[in-house]
Amino acid sequence: NISYAFVALACGVALAGAPFFASAQTASVTIGGSAATATLALSPASGSYATGDIFSVTVALDTQSNPIQGVDVVYLNYNPALLEVQDGDATASGVQITPGTLMATTALNSVDVAAGKIAFSQVTTSGVSYAGSGTLAVVRFKALASGTAAVTFNFTQGSTVDTNVASSGADILTSATGGSYSISGTAVPPQQ
């Protein structure tokens, strides 16, 4: 197994002991992290769909105006008995979601359709940062069967082995809000 976690942080400043945050405006360095924050959220966070419906969910990033160098989503989880990810790039092998254009390089984009896990990572060009809010990626789901389909991020604040947002070598992600989608109707077989 390849560990995909920490792709963005590895591409940024390597952590050596305690993380640090340097501010170019004040030329100061704070050892042990910073008060910087960022969030990820699914939009819409809820909805009602019939089996067979295809609907889009946006993975929205908000850096709270903090400069970042990358984002790892490891993993975005869904129930493959209820939802099927629609391929966002038919020219690439496997199943992918549709990347946004916030950062220059999509370093990782894969869907484990059997396990219901999406892994996605996007990073800036070396020496460049991104600050702002917008669409990190879009997931198109097909509703397969009746039930309540939760879509959740693997996220523990301060952990660097799951979903994170990299800013000068520190993980500044403070919340990752998933979604819950109600599906009704007759079951639809997944694509083979």
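This is a predicted model: local features need pLDDT of at least 70, side-chain atom pairs count only at pLDDT 80 or more; totals for chains, interfaces and linings use all residues.
How much space lies in the largest cavity? The answer is about 30 Å³.

**Stop 1: the cavity**

Please select Val59, Val73, Leu76, Ile97, Ile118, Phe120, Leu136 and Ala137, the residues that line the largest cavity. By class, this lining has eight nonpolar residues, no polar ones and no charged ones. Next, colour the strands β6 (70-77), β10 (117-123) and β11 (133-143), each of which supplies at least two residues of the lining. The structure holds one cavity of 30 Å³ or more.

**Stop 2**

Now centre the view on Leu136. Apart from its neighbours within four places in sequence, Leu136 is in contact with a set of residues that includes Leu40, Leu61 and Val71. Val59, Val73 and Phe120, seen in the lining of the cavity, are also among the contacts of Leu136. Others to show around Leu136 include Pro99, Gly100, Leu102 and Met103.

**Stop 3: the aromatic rings**

The structure holds five aromatic pairs. Select Tyr49 and Tyr181, whose rings form a tilted pair, 6.4 Å centre to centre with 50 degrees between the planes. Tyr49 belongs to strand β4 (residues 46-50) and Tyr181 to strand β16 (residues 179-184), so this pair ties together parts that are 132 residues apart in sequence. Tyr49 and Tyr181 are both buried.

Proceed to Phe55 and Phe141. Their ring centres are 5.9 Å apart and their planes lie at 40 degrees, so this pair is tilted. Because Phe55 lies in strand β5 (residues 54-62) and Phe141 in strand β11, the pair ties together parts that are 86 residues apart in sequence. Both Phe55 and Phe141 are buried.

**Stop 4**

Finally, turn to the largest pocket, which holds about 220 Å³ of space. Select Glu84, Val85, Val95, Val113 and Gln191, which are the closest to its centre among the 13 residues that line it. Which classes of residue make up the lining of this pocket? The lining has eight nonpolar, three polar and two charged residues.

Methods
Residues are numbered from 1 along each chain as its sequence is written. Side-chain values use heavy atoms; hydrogens and water are left out. On a 1 Å grid over the protein atoms alone, a cavity is a set of points where a 1.4 Å probe fits but cannot get out, and a pocket is an open set with protein on both sides within 12 Å along at least five of seven lines; lining residues have an atom within 4 Å of a point. Grid points are joined across faces, edges and corners, and a volume is the space filled by probe spheres set on the points. Ala, Val, Leu, Ile, Met, Phe, Trp, Tyr, Cys and Pro count as nonpolar, Asp, Glu, Lys and Arg as charged, and the others, Gly among them, as polar. Helices (H or I, at least four residues) and strands (E, at least two) are DSSP runs, numbered from the N terminus. Contact means heavy atoms within 4.5 Å. Rings of Phe, Tyr and Trp (its six-membered ring) pair if their centres lie within 6.5 Å; planes under 30 degrees apart count as stacked, over 60 as edge-to-face and the rest as tilted. Buried means under 20% relative accessible area, exposed over 50%, partly exposed in between (1.4 Å probe, protein chains only).
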